[in-house]
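Here is a short report to read beside the structure. Keep the view open and find each residue as it is named.

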Number of protein chains: 2
Amino acid sequence: MIRIGKLAHQSQVSRDTLRFYEKHGLITPSARTDAGYRLYAESDIKRVGFIVSAKKVGFTLNEIQQLLQLEVTKDIKSCQDVKEFVDHKIQLVNEQLTETRRIKKSLETLSEACCGGDEPATQCTILDTLNR
Amino acid sequence: MIRIGKLAHQSQVSRDTLRFYEKHGLITPSARTDAGYRLYAESDIKRVGFIVSAKKVGFTLNEIQQLLQLEVTKDIKSCQDVKEFVDHKIQLVNEQLTETRRIKKSLETLSEACCGGDEPATQCTILDTLNR
DNA sequence: CTTGACTCTGGACTATACTCTAAGGTTTAT
DNA sequence: ATAAACCTTAGAGTATAGTCCAGAGTCAAG
Ligand SMILES: [Zn+2]
Ligand SMILES: [Zn+2]
Ligand SMILES: [Zn+2]
Ligand SMILES: [Zn+2]
């Protein structure tokens, strides 16, 4: 059983973040000392690792909470359930990708139409376009 | 000079949003009635149009504030200034694109490794990977 | 036995972009 | 004249993901 500072160091997150995750139901220390210090067991440490890994692949905290539900109840969940969850996330990411690409294109079109010269921007096509 | 409701309708934003923009220094009505009602002139209407257009191509409100500065002082700004601003934004968008692509790849790798079958997820490669 | 390192709680603050509510005043149409 | 529609303000709430702080208690070492 380790205390919060050590877990924070090991997991590369801040103490504040661990307490924040706790407040949002992502992780709860298995025990407390008499003085009220949080004590984390092996399983808690693993759980934090899970959260960190899931963050790295782009899941939000809300999604991670759902993933943790799947993990904890994996006996009564199927690979299908898990895969569907990930595939749904991929769809969301794809939508975001499409939107970001659209924005990139718009900006590039804007940029390409502008001469970028030294003259005053009174006739700048970028400003003109935004003014339409 | 039109009132907020009409401008909101014309510009396809809510009254609340217009007041929100005002609070954040993006637009100020040219006048007020005796009763304190906001009155918007032609130039105000154009300015809202500018904001809406800029939003559509992905600028944040903060960036739009800077763009409006460029627009207002276009006499003493050059096309170069404007283009550089846009090009800098394109860089930011590209970074976001790179990150989102990385996430997509990670998720796809995750998904592809999972059989997606009916059996319990006790050995699911997705959960295993996140637990590492 | 005191100093420094560590921990606790609750709450405020950051950034982004609104959205909604309450309580009240104004304008317009019938 | 009165009801509907419109407007005002301040402030709270939403979602996301923390970060920081104050004031106080705890623990190990010299
Ligand atoms: Zn030019
Ligand atoms: Zn230009
Ligand atoms: Zn499987
Ligand atoms: Zn699986």
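## A serine at the contact

B:Ser111 counts as buried because its relative accessibility is 7%. Buried means under 20% relative accessible area, exposed means over 50%, and partly exposed lies in between (1.4 Å probe, protein chains only). B:Ser111 sits in helix H5 of chain B. Helices (H or I, at least four residues) and strands (E, at least two) are DSSP runs, numbered from the N terminus.

Which residues does B:Ser111 touch, leaving out those up to four places away in sequence? They are A:Lys83, A:Val86, A:Asp87, A:Ile90 and B:Ile126. Contact means heavy atoms within 4.5 Å.

## How to read the model

This is a predicted model, where local features need pLDDT of at least 70, side-chain atom pairs count only at pLDDT 80 or more, and totals for chains, interfaces and linings use all residues. Residues are numbered from 1 along each chain as its sequence is written, chains are lettered from A and ligands numbered from 1 in the order in which they are written, and side-chain values use heavy atoms, with hydrogens and water left out.

## Where the chains meet

Chain A gives 53 residues to the contact, and chain B gives 53 residues. Together the two chains bury about 4,700 Å², and 67% of it is on carbon and sulfur atoms. Buried area is the accessible area (1.4 Å probe) that two parts lose on being put together, summed over both. In chain A, the residues that lose the most area to chain B are A:Cys79, A:Leu107 and A:Leu130. Together they make up 14% of what that side buries.

How many residue pairs are in polar contact across the interface of chain A and chain B? The rule finds 26, with both residues at pLDDT 80 or more. A polar contact is a pair of N or O atoms within 3.5 Å; within protein, one must be able to donate a hydrogen and the other to accept it, and residues adjacent in sequence count only if both atoms are side-chain atoms. Four helices of chain A each supply at least two residues to the side that touches chain B: H3 (42–56), H4 (61–72), H5 (79–113) and H6 (125–130). The largest share, 22 residues, comes from H5(A). That side of chain A divides into 23 nonpolar, 14 polar and 16 charged residues. Here Ala, Val, Leu, Ile, Met, Phe, Trp, Tyr, Cys and Pro count as nonpolar, Asp, Glu, Lys and Arg as charged, and the others, Gly among them, as polar.

## Zinc between the chains

Start with the zinc ion (ligand 4). A:Cys79 (SG), B:Cys114 (SG) and B:Cys124 (SG) coordinate it at 2.2 to 2.4 Å. Donors are N, O and S atoms within 2.8 Å of the metal (3.2 Å for Na, K and Ca); water is not among the atoms, so sites may look incomplete. B:Cys114 and B:Cys124 both lie in the loop between H5 and H6 of chain B, 10 residues apart. Both are buried. A:Cys79 also bridges to the zinc ion (ligand 3), which lies 3.7 Å from the zinc ion (ligand 4).

Now take the zinc ion (ligand 1). Its protein donors are A:Cys115 (SG), A:Glu119 (OE) and B:Cys79 (SG), 2.2 to 2.3 Å away. B:Cys79 coordinates both this ion and the zinc ion (ligand 2), and the two ions are 3.6 Å apart. A:Cys115 counts as exposed, at 52% relative accessibility. A:Glu119 is partly exposed, at 37%. A:Glu119 lies in the loop between H5 and H6 of chain A. Beyond residues up to four places away in sequence, A:Glu119 touches B:Lys77, B:Ser78 and B:Cys79.

## Salt bridges

A salt bridge is a side-chain nitrogen of Lys or Arg within 4 Å of a carboxyl oxygen of Asp or Glu. The structure holds 14 of them over all chains.

A:Glu22 pairs with A:Arg32, with the closest N and O atoms 3.4 Å apart. A:Glu22 is in helix H2 (residues 15–23) and A:Arg32 in strand S1 (residues 31–32) of chain A, so the pair ties together parts 10 residues apart in sequence. A:Glu22 is buried, at 16%, while A:Arg32 is partly exposed, at 43%. A:Glu22, A:Arg32 and A:Arg38 are linked in a network of salt bridges. Another salt bridge joins A:Glu108 to A:Lys104, with the closest N and O atoms 3.9 Å apart. These two are separated by about one helical turn because they are four residues apart in helix H5 of chain A.
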